[in-house]
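Here is a short briefing for a reader who is new to this structure. Look at the model first, then read the points below.

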Amino acid sequence: MMFDTTRTTGGFGDPLPESGILEGFDRLIAANRLFGAELNPTVIKKSGKGAPFLVCPHPSRSRMLDLWHDLFANRVPPHGFLDALAPEVLGLAHVEGLLLFGKDRVLYDCQIARGDEAVGHLTLCFYREREPVFRFLPFPRRPGRRIVYIEGISLTAQSTGYASSLFRRYERLFHDLGFHRFRLKASLSVGKYYWAKEGFDCEDREQFAGMRESLHALVRRLGLPVEEQEIRRLNHASMVAAFRRDLPIPVYRNAEGYYAVERDASHAEEFRFPLGKAFLLCSAPWDGFKVIYTDTPRRTGYVGSDRYLDHGTRPGHVESPKRLEALFAAIREGGMGESLILLEPYVPAMESLRAVHDPAYLEAFREAVDRGDRQFAVRDCSISKGTYAAALLAAGGVMAGIDAVFSDRADNVFCAVRPPGHHAGRASAMGFCFLNNVAAGAHYARSAYGVGRIYILDWDVHHGNGTQALFEEDPLTFFCSLHEHPSFCYPGTGRRLEKGTGAGRGATLNIPLPPHAGDTEMIEAFERDVVPSIEAFRPELILLSAGFDAHRDDPIAELECTEDAYVHMTRRVLELADRHCEGRVVSVLEGGYRMESLVSSAIAHIRTLQGREVPPCSSARG
Amino acid sequence: MFVGPRMKRALVTVTAGATLEEAARLLKAHRIHHLPVVEEGNRLLGIVSDTDLRNATLGGMFGGADGGDSGRPVTVGEIMTRDVVTLRPGDTLDDAMLVLTHERIGALPVVEGDRLVGIVTKADILSALVSSLDIGGMGVRIEVVLPRDVKEVARLAGVLGDLRAEVRSLVLAPRGADEYAAFVRVATIDVGSLKGRLREAGFKVPEVAEFLE
């Protein structure tokens with residue numbers, strides 16, 4: 001067994017019975033630690049224990065149970081939750097922790113103390129976004145992502161590293177509980193970070209009116225499309241602050257990747273960002289250059305199977321089972337299995353495969369394997385008894401990944417599959433490929449989930465000729481490939497002039513790179529050509545043909561990239577996916593033939609998909 | 001292999017405001033057929049060919065439906081092709097050949113960003129091929145048809161070596177589904193004997209007449 005699937009995620013297992021949760025509520029009520037909360041209609045005071053909400057009697061038990069179920073799926077009991085939120089860190093503890101139930105959110109409010117001395121306070125807010133079912137209509141709405149944000153935090157003891165340590169634990173905790181975002185909403189001068197002031201420093205009505213007026217003035221000055229109405233509706237300092245923080249404003253970037261609020265001779269390229277982020281980009285101490293990621297790690301799915309190892313190739317063949325063996329081992333030993341959502345691949349229905357491949361071709365493939373042939377179609381395609389089954393399962397693995405992102409089991413998925421697929425055409429096997437896994441996934445997404453625009457990005461060092469041919473005339477499936485120039489590298493196709501045919505003209509983008517090109521050229525081409533094409537296409541799903549053979553240590557071709565290029569491209573793809581398709585990315589392994597660089601690149605890619613251990617970077621150059 | 005080293009850098013260009021007469025004069029004086037149209041800083045705006053010029057002036061000569069002069073183009077900017085197919089210096093000659101055939105045009109401006117840095121014409125590609133294959137060189141061409149097996153190619157080279165043939169160039173291309181055609185240029189006056197010896201060694205060397213079908 002590849003992983004121990006009996007182990008539950010992070011200590012939170014199956015939902016607890018409702019009676020247990022209700023009992024938990026009663027216990028906390030009896031101990032005076034559970035109340036209700038409603039928004040404070042008057043402006044808040046900066047000093048003291050002010051909060052933007054008022055404590056009030058708790059709502060009915062059934063309302064609280066509904067909320068608990070919605071937010072936590074009843075996987076954690078109320079007092080267990082309070083305990084989990086209050087670890088002792090660096091000698092500081094939480095005291096008088098309260099759970100407060102609002103109309104649609106749960107708040108955690110506590111004092112932070114060192115021994116007997118109160119040194120600060122913390123308020124967290126847990127809620128669930130409601131997103132419109134139909135993109136253009138405000139109603140009806142359905143439950144969306146779970147968000148936790150820091151409503152307020154203050155600490156008299158600064159620079160102790162307390163906030164960073166606490167937040168690091170919280171990231172893990174919230175991730176395990178299934179939360180998508182962990183945000184800083186308040187102004188903070190805590191720890192190493194300096195954030196835009198969010199308007200909690202608001203002493204009286206007059207000052208509040210001033211806040212609204214300055215928001216008006218900002219909107220007018222920048223000519224932003226904001227209605228009078230929208231500003232008038234903001235009747236609380238925190239609401240004004242939130243509105244301001246999320247307001248998209250134009251900023252201007254220069255050639256080196258530095259941003260400014262005003263356009264000038266060197267800062268000419270316009271971008272739109274929420275004001276909070278724009279502020280960070282344009283001001284010191286970050287030199288207008290760095291973006292801080294506050295999101296919790298994403299929920300990344302992982303498809304793998306020992307059955308992929310059954311596809312044997314002749315001795316000395318580079319596409320060997322050892323590639324995946326090494327990758328599986330590295331993931332196991334690195335403990336990554338615990339943070340990934342394990343997904344089982346399945347054998348797809350033959351109809352799904354016939355959407356991609358000629359039935360006669362599929363038959364011929366199966367027969368060749370059953371007969372015991374040593375190769376199918378060409379010498380490169382070495383086969384063994386387990387090849388047909390492994391190939392089916394590889395295509396099915398991508399489909400399992402698609403299922404996971406569309407049923408909200410995962411935010412993104414990595415499919416560690418073999419045999420690879422991007423050279424396989426409708427009726428042709430070549431370049432170690434038999435069935436086109438990514439194409440099968442794309443067709444499946446369309447037929448099972450009605451997905452419209454799909455963007456396929458292939459960064460394997462070889463041109464994805466199979467995938468290109470399959471979608472050449474399809475304007476809804478954009479195919480983009482970065483590869484070593486066809487004059488020097490297999491399979492000899494993928495020239496810039498190949499842009500798609502018929503209705504699909506313009507939906508194919510080939511970016512050949514000269515031999516010995518490395519990170520700089522790859523990233524430059526990616527930023528210059530790939531990023532704008534994804535923005536313009538507005539995909540509803542992004543598929544990656546993620547081969548790692550453009551690495552400098554890989555002997556099969558002559559590009560000289562490192563893990564940095566893969567990390568950069570992955571991060572940018574995720575940013576774009578967040579903007580256009582709710583972060584839905586399914587990544588599929590293609591090539592990568594030197595064990596060490598395949599493993600290190602794939603792991604760096606997966607870590608980036610998870611949003612973990614990624615240092616802050618600019619968008620221009622990681 | 002790359003376009004950069006092979007392209008012509010000394011460029012004759014014209015501005016969008018130039019008249020058709022000026023353009024025609026330039027084409028004639030430099031004996032070229034294409035004029036890239038540029039603006040300040042060599043920024044490429046379009047391209048105009050002698051065919052474009054001819055169509056514009058002939059069209060004017062026979063007049064429009066109203067027989068008058070109205071609507072007759074006067075400047076290069078009015079007749080140039082704006083959607084120019086271009087190459088980059090990092091592209092290869094294969095790219096150039098494929099584009100020229102595919103797009104059925106005669107010249108490819110080479111750009112860096114939107115700045116014109118060179119031009120590659122069909123004629124340039126032809127001369128590159130001619131010189132690299134030594135087509136104009138001294139020698140006679142023999143065609144040998146082989147089964148599609150690399151070992152046969154090695155055998156052919158071995159036999160030519162044993163015969164001490166002075167081989168100037170050897171090009172191998174696929175022929176049908178299961179054969180190769182090898183085009184050998186040899187610098188020998190006595191080609192007849194050489195062909196005879198190749199046939200004795202079991203190679204298929206068709207006579208010229210057999211290709212004239």
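How many bridges join strand 17 of chain A to strand 18 of chain A? Five bridges do, and the two strands run parallel. The model is predicted, so local features need pLDDT of at least 70, side-chain atom pairs count only at pLDDT 80 or more, and totals for chains, interfaces and linings use all residues, while side-chain values use heavy atoms without hydrogens or water. Residues are numbered from 1 along each chain as its sequence is written, with chains lettered from A and ligands numbered from 1 in the order written.

**The sheet in chain A**

- Eight strands form an open, parallel sheet in the order 12-11-13-18-17-14-15-16. Strands are DSSP runs of E with at least two residues, helices are runs of H or I with at least four, and both are numbered from the N terminus. Two strands pair if DSSP finds at least two bridges between them.
- Strand 12 (341-343) and strand 16 (508-513) stand at the edges, each with a single partner strand, so one side of each has no neighbour in the sheet.
- Strand 17 covers residues 541-546 and strand 18 covers residues 585-589. Ala546(A) stands opposite Leu589(A) in strand 18.

**Salt bridges**

- The structure holds 33 salt bridges over all chains. Each is a side-chain nitrogen of Lys or Arg within 4 Å of a carboxyl oxygen of Asp or Glu.
- Arg253(A) and Glu269(A) meet in one of them, at 3.8 Å from N to O. Arg253(A) lies in strand 8 and Glu269(A) in strand 10, so the pair ties together parts 16 residues apart in sequence.
- Arg253(A) is buried at 12% relative accessible area, whereas Glu269(A) is partly exposed at 41%. Buried means under 20%, exposed over 50%, and partly exposed in between (1.4 Å probe, protein chains only).
- Glu540(A) forms a salt bridge with Arg453(A), with the closest N and O atoms 3.8 Å apart. This pair links distant parts of the chain, 87 residues apart.
- In chain B, Arg141(B) forms a salt bridge with Glu143(B), with the closest N and O atoms 3.0 Å apart. Arg141(B) is partly exposed at 47%, while Glu143(B) is buried at 17%.
- Arg263(A), Glu270(A) and Arg272(A) are linked in a network of salt bridges.

**A loop residue in chain B**

- Ile135(B) is found in the loop between helix 6 (122-132) and strand 5 (140-147).
- Ile135(B) counts as partly exposed, at 44% relative accessibility.
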